[in-house]
Amino acid sequence: MRAPNRKFVQCLLVGWFCLVMADRVLAGPGGPQPLAQPTLMTLNFVNADMEGVIKAVGEAAAVTILVDPRVKGTLTLASDRPVTAAEALNELAASLRMQGFSLVESQGSYRVVPEADAKVQGGKVSVDARGLGGGAEPTPSGDQVVTRVFHLKYESANNLVPVLRPLIAPNNTITAYPGNNTLVITDYAENMQRIGRLIDSIDMPAVGEAEVIPLHHALAIDLAALVNRLAEPGAGGDSNLKAVAVPEPRTNSLILRASTETRAEQLRVLIGKLDTPTVQPGNIWVISLRNAEAVKLAKTLRGIVTADTGALTSSASDTAFSSQGSPFGGNSTTGGSTGTSGTSQGSATSSTAMGGAASSSGTSATGPAFSAAGSGQSNATSASAGGSGGSLPAGMIQADAATNSLIITANERVYRNLREVIDRLDARRPQIYVESMIVEVSDNKTEEFGTQLQGLLGGGSTQGFAGTNFNTANAGGNIVTLGSQTNSLLNLGAGSTAPLVTPAAGTNLAILHSFNGVMGMAALVRAVSLISGVNVLSTPNLLTLDNETAQIIIAQNIPFVTGSYAQTGITGTVNPFTTVDRKDVGLTLRIRPQISEGGLVKLQIYEESSTVDASTLNNVNGPTYNKRSVDSSVLVQDGQLIVLGGLLSDSYSDSMEKTPWLADIPYLGWMFRYEGKARIKDNLMLFLRPYVIRTAEQSDALTNDRYEWTQGIRNNEPVNIRVLSNETLTPLTSARGSGAPFVDPLHASTIPTAIPLPGSASDARLPASGP
């Protein structure tokens with residue numbers, strides 16, 4: 001320990017002597033002259049104690065330097081020429097930085113701390129407010145840790161953080177404040193100057209700012225489509241060269257945005273060359289539609305051009321939703337023994353040339369309302385602008401259904417007006433996916449118990465009859481009716497005649513007795529309990545376009561005889577004819593949605609669940625239908641669960657047939673009465689939840705979810721052990737796409753709240769869905 005101390009003392013004395021001699025030589029014989037020249041010193045510390053070197057430099061520079069206790073080690077600090085106090089501090093800061101320590105200035109004094117703590121130990125803070133129109137405070141130089149605030153004008157602060165982070169020391173910080181688009185950086189002063197120059201070069205106005213180009217001859221809508229096709233970089237091209245041209249129909253201008261100034265200039269020249277008068281004069285324009293239906297749109301435009309209000313009225317297929325009625329309006333069928341008579345459906349549309357009469361259209365159909373649609377439709381619809389009532393110059397609008405295009409014959413002024421209308425109407429309509437859940441629960445219980453007696457009184461030629469006669473509506477449960485079949489009941493063996501009346505359902509206990517040599521029924525005790533229940537869960541789902549009717553029918557088309565007659569021919573042959581109605585019995589769901597921009601959905605809904613009472617199939621007047629339907633219009637938010645209708649009934653009936661006074665005798669009264677009790681409970685609920693599908697990602701998620709569910713059910717079907725060999729089915733391939741789960745009607749949340757769709761900002765992952 002003595003050798004290092006002696007060496008340190010020698011180095012310290014040499015350094016101190018050099019500083020004193022330099023000060024005296026520069027001062028001269030006339031004493032110190034501080035205003036003439038700053039104090040110079042020569043540094044020469046080799047492997048000296050770090051704390052001693054810091055104290056020596058501080059005393060020589062006449063500043064206070066505080067040393068953190070964690071600062072330990074040796075330091076080499078030397079200069080080839082005399083340096084000033086500021087230069088000595090810079091040299092000291094550079095040497096400390098290489099050792100992992102920092103020199104921090106705070107309120108006129110300095111601190112030496114580990115580099116990791118330098119950012120929280122104070123330091124000078126400067127502001128660069130040029131982004132706000134102000135000035136920039138000077139940044140100190142050297143290896144001191146400083147903090148600087150940069151106010152950006154064009155570039156986003158968040159975007160610059162990943163760019164500048166690698167250029168800053170690992171122990172120092174860079175933070176973005178999006179509130180006022182500001183960067184706060186703490187780093188060494190020398191590096192801060194370099195970062196400031198980088199920010200100045202990056203924070204420049206974007207080249208791709210929008211530019212409005214007015215057009216004098218060309219139509220903005222047509223020219224925008226052409227420019228966008230030409231501006232595509234193409235396969236394998238640079239996506240940074242992409243440019244976008246948006247039409248502004250009101251001023252007939254193009255809003256152009258390009259990634260580079262060179263690209264923008266190229267497009268300006270191209271637009272200028274295309275914005276010229278038409279070379280070949282003409283007044284026929286062809287417009288290809290992307291989303292709208294040409295035939296329907298032509299009819300709407302005809303009403304606008306000719307001011308014909310009749311053209312704007314709804315067609316036969318657009319009648320009131322509720323007037324479509326129930327699916328029970330079946331087709332009529334006739335035939336030989338059971339035949340069929342067809343229905344006629346069709347539509348006709350006539351078109352006229354310029355100056356002709358207005359076109360007419362109509363639809364004639366018979367049969368069920370849900371299947372009534374024209375079997376054909378004309379390929380063209382025209383509108384005369386020069387007919388009666390037209391105030392604009394003559395022109396014609398014709399639709400070509402094959403290419404879904406409009407052909408307009410009009411001057412350029414009329415065409416420009418119509419083109420703006422067409423562009424607005426030819427917008428992509430969103431789709432709506434409607435989930436419904438129909439829950440039907442029925443619980444019926446019927447109980448009957450009673451005793452019936454009958455017998456002869458007296459003997460000889462004069463006899464009396466006494467008995468009870470209950471439950472006359474049920475032949476098999478009545479003692480008189482069932483007793484008439486006593487002989488048949490006594491001979492139930494093979495070859496015997498079947499009784500005309502069989503005992504009623506339940507437990508029947510009878511006592512047979514011979515009356516004057518004839519077997520008859522003396523007593524009948526009947527007890528029965530009938531329990532029936534229905535639990536139906538249906539989940540029909542539909543996907544349709546906005547303002548378009550969609551329906552799903554899951555039913556059996558059952559024939560019902562409505563009449564019959566026979567015709568005798570010339571040869572005397574009788575030809576029977578039977579008239580038959582076919583009705584769809586099952587589940588029917590029909591919806592027509594209308595979506596607003598705010599996400600509110602108006603739904604016109606018709607739901608019907610029908611069944612045939614099996615006990616009435618053989619009735620002379622035809623079977624009985626059980627029908628439950630809901631026809632309503634509701635407003636619901638996107639993704640909101642609502643209950644559309646509900647029915648809860650609980651009925652109880654109690655009946656008793658008895659012999660007065662005798663039936664009230666304790667313990668024996670049951671022999672003189674017949675009791676029946678019935679309780680019927682029905683519960684029908686219909687739940688509905690619409691989802692608006694606006695993007696391809698949401699549609700893809702819905703399709704993949706349903707496909708994956710079907711694939712799981714099919715591929716995971718258990719193999720049954722059978723005598724015959726099992727047939728294996730080819731596995732379904734995996735669905736391609738996002739595969740994000742959608743909605744499970746069976747396992748969806750019971751809370752009636754909206755569930756965001758996949759692909760949205762607030763996407764919530766839902767459990768795997770069911771059918």
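**Ground rules.** I began with contact, which means heavy atoms within 4.5 Å. The model is predicted, so I kept in mind that local features need pLDDT of at least 70, that side-chain atom pairs count only at pLDDT 80 or more, and that totals for chains, interfaces and linings use all residues. Residues are numbered from 1 along each chain as its sequence is written, and side-chain values use heavy atoms, with hydrogens and water left out.

**Leu512 and Met519.** I looked up Leu512 and set aside its neighbours within four places in sequence; its contacts are then Thr486, Leu490, Met519, Gly520, Met521 and Ala522. Leu512 sits in strand β22, residues 507-515. Strands here are DSSP runs of E with at least two residues, helices are runs of H or I with at least four, and both are numbered from the N terminus. Is Leu512 buried, partly exposed or exposed? Its relative accessible area is 33%, so I wrote down partly exposed. For that label, buried means under 20% relative accessible area, exposed means over 50%, and partly exposed lies in between (1.4 Å probe, protein chains only). I also noted that Leu512 and Leu524 are 12 residues apart in sequence, with their C-alpha atoms 9.1 Å apart in space.

Met519 was my next stop, in strand β23, residues 518-538. With neighbours within four places in sequence left aside, Met519 has Thr486, Asn487, Leu490, Leu512, His513 and Ser514 in contact. Met519 has 32% relative accessibility, so it counts as partly exposed. From Met519 to Ser484 I noted 9.4 Å, C-alpha to C-alpha, and 35 residues in sequence.

**The whole chain.** How many helices and strands does the chain have? I found 12 helices and 30 strands. The chain has 771 residues, and 34% of them count as buried. Among contacts in the chain with a separation of 6 or more, 65% come from residues 24 or more positions apart.

**Helices α2 and α3.** I turned to α2 (residues 50-61) and α3 (residues 85-98), which pack at an angle of about 160° with their axes 9 Å apart. Axes are lines fitted to C-alpha atoms, for helices over the stretch in contact, and angles run from 0 to 180 degrees between N-to-C directions. The two helices, α2 and α3, are therefore roughly antiparallel to each other. The cut-offs are under 35 degrees for roughly parallel, over 145 for roughly antiparallel, 65 to 115 for roughly perpendicular, and oblique for the rest. I put the crossing of α2 and α3 down as left-handed: the near helix is turned anticlockwise from the far one by less than a right angle, while clockwise would be right-handed. Met50, Ile54, Val57 and Ala61 of α2 make the contact with Ala85, Ala88, Leu89, Leu92 and Leu96 of α3. By class, the α2 and α3 contact has nine nonpolar residues, no polar and no charged ones. Nonpolar covers Ala, Val, Leu, Ile, Met, Phe, Trp, Tyr, Cys and Pro; charged covers Asp, Glu, Lys and Arg; the others, Gly among them, are polar.

**Helices α4 and α5.** For α4 (residues 157-164) and α5 (residues 189-202), I noted an angle of about 135° and axes 12 Å apart. That makes α4 and α5 oblique to each other. The crossing of α4 and α5 is right-handed. Leu160, Val163 and Leu164 in α4 meet Ile195, Leu198, Ile199 and Ile202 in α5. The contact of α4 with α5 has seven nonpolar residues, with no polar and no charged ones.

**One ring pair.** I found one aromatic pair in the structure. The ring centres of Trp285 and Tyr415 are 4.0 Å apart and the planes are at 5°, so the pair is stacked. Trp285 is in strand β13 (residues 284-288) and Tyr415 in helix α9 (residues 412-425), so I marked it as a link between distant parts of the chain, 130 residues apart. Rings of Phe, Tyr and Trp (its six-membered ring) pair if their centres lie within 6.5 Å; planes under 30 degrees apart are stacked, over 60 edge-to-face, and the rest tilted. Tyr415 has 3% relative accessibility and counts as buried.

**Positive phi.** Most residues other than glycine have a negative phi. Asn252 has a positive phi, near 55°, and lies in the loop between β11 (243-248) and β12 (253-258).
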